[in-house]
Amino acid sequence: MFELISIGPLTFFTMLIVVMVGGFLRGLTGFGSAMLMAGPLAILLEPALAITIIVFLEALISLPLLRGCYYHVNWPLVRRLLAGAILTAPLGVWTVQILTQEVAIRVISVLVIISAIAIAFGYQRKSPGSPSKEIAIGSVSGYSCGLAGIGGPPVVLYLLSGQLKPQEMRATLIYYFALIDLYVL
């Protein structure tokens with residue numbers, strides 16, 4: 001799929017800084033690292049390779065957290081989110097592969113900007129959650145994860161405006177992110 005890549009020391013150092021800042025953001029907030037890394041890495045590398053690296057790092061970050069939060073996960077919610085995401089993530093992966101590098105960078109940038117604006121303005125859902133809404137949110141998340149490695153914002157915004165307890169929300173997000181990232185890989 002990917003040719004053996006050759007990157008210079010400046011590109012490697014820049015990538016390292018981007019990943020470190022993304023890791024700091026993830027440690028500070030619990031999410032957002034993929035949003036921060038997507039644009040710069042897509043510019044530095046082929047977008048499909050950049051997204052693969054992001055999804056791999058996101059999955060790797062989530063794995064050590066799984067054991068400690070298993071019993072707090074809202075499993076019916078995770079199943080509904082995954083039901084939508086599993087259907088659309090391959091479409092996102094396919095989309096990033098067929099786009100030219102220039103178009104892919106623009107699409108990824110637009111997704112990051114829209115997500116950042118929604119988070120900054122504290123998007124709130126206007127009606128209670130339902131299984132069909134959760135499948136739809138999972139679908140948007142799965143497509144975004146496959147396309148740009150940023151499946152978190154739709155789910156985070158949806159859950160933040162709901163009624164889950166903080167521990168249940170954290171555990172649900174950790175498991176959902178780990179499972180969808182592993183699936184996309």
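Tutor: A salt bridge is counted where a side-chain nitrogen of Lys or Arg lies within 4 Å of a carboxyl oxygen of Asp or Glu. The model is predicted, so local features need pLDDT of at least 70 and side-chain atom pairs count only at pLDDT 80 or more, while totals for chains, interfaces and linings use all residues. Residues are numbered from 1 along each chain as its sequence is written, and side-chain values use heavy atoms, with hydrogens and water left out.

The structure holds three salt bridges. In one of them, the side chains of Glu134 and Arg80 meet at 2.3 Å, N to O. Glu134 belongs to helix 7 (residues 131–148) and Arg80 to helix 5 (residues 75–98), so that this pair links distant parts of the chain, 54 residues apart. Helices here are DSSP runs of H or I with at least four residues, numbered from the N terminus. To describe the surroundings of a residue, we call it buried under 20% relative accessible area, exposed over 50%, and partly exposed in between, using a 1.4 Å probe and protein chains only. Glu134 counts as buried because its relative accessibility is 10%, whereas Arg80, at 24%, counts as partly exposed.

Another salt bridge joins Glu58 to Arg26, with the closest N and O atoms 2.4 Å apart. This pair also links distant parts of the chain: Glu58 is in helix 3 (residues 47–62) and Arg26 is in helix 1 (residues 9–29), 32 residues apart. Both Glu58 and Arg26 are buried.

The salt bridge between Arg106 and Glu102 has its closest N and O atoms 3.4 Å apart. Because Arg106 and Glu102 are four residues apart in helix 6 (residues 101–120), about one helical turn separates them. Arg106 counts as exposed because its relative accessibility is 55%.

We may now turn to the empty spaces. Rolling a probe the size of a water molecule over the atoms shows where empty space is left. On a 1 Å grid over the protein atoms alone, a cavity is a set of points where a 1.4 Å probe fits but cannot get out, and a pocket is an open set with protein on both sides within 12 Å along at least five of seven lines; lining residues have an atom within 4 Å of a point. Grid points are joined across faces, edges and corners, and a volume is the space filled by probe spheres set on the points.

A search of the whole structure finds one cavity of 30 Å³ or more. The largest cavity holds about 160 Å³ of space. Its lining has 20 residues, and Glu58, from the salt bridge with Arg26, is among those nearest the centre, together with Ala34, Gly151, Gly152 and Phe177. Helix 2 (33–44), helix 7, helix 8 and helix 9 each give two or more residues to this lining, and helix 9 gives the most, with four. The lining divides into 10 nonpolar, seven polar and three charged residues. In this division, Ala, Val, Leu, Ile, Met, Phe, Trp, Tyr, Cys and Pro count as nonpolar, Asp, Glu, Lys and Arg as charged, and the others, Gly among them, as polar.

The largest pocket has a volume of about 270 Å³. Of its 17 lining residues, Ile137, Val140, Pro153, Pro154 and Leu157 lie nearest the centre. Helix 6, helix 7 and helix 8 (152–160) each supply two or more residues to that lining.
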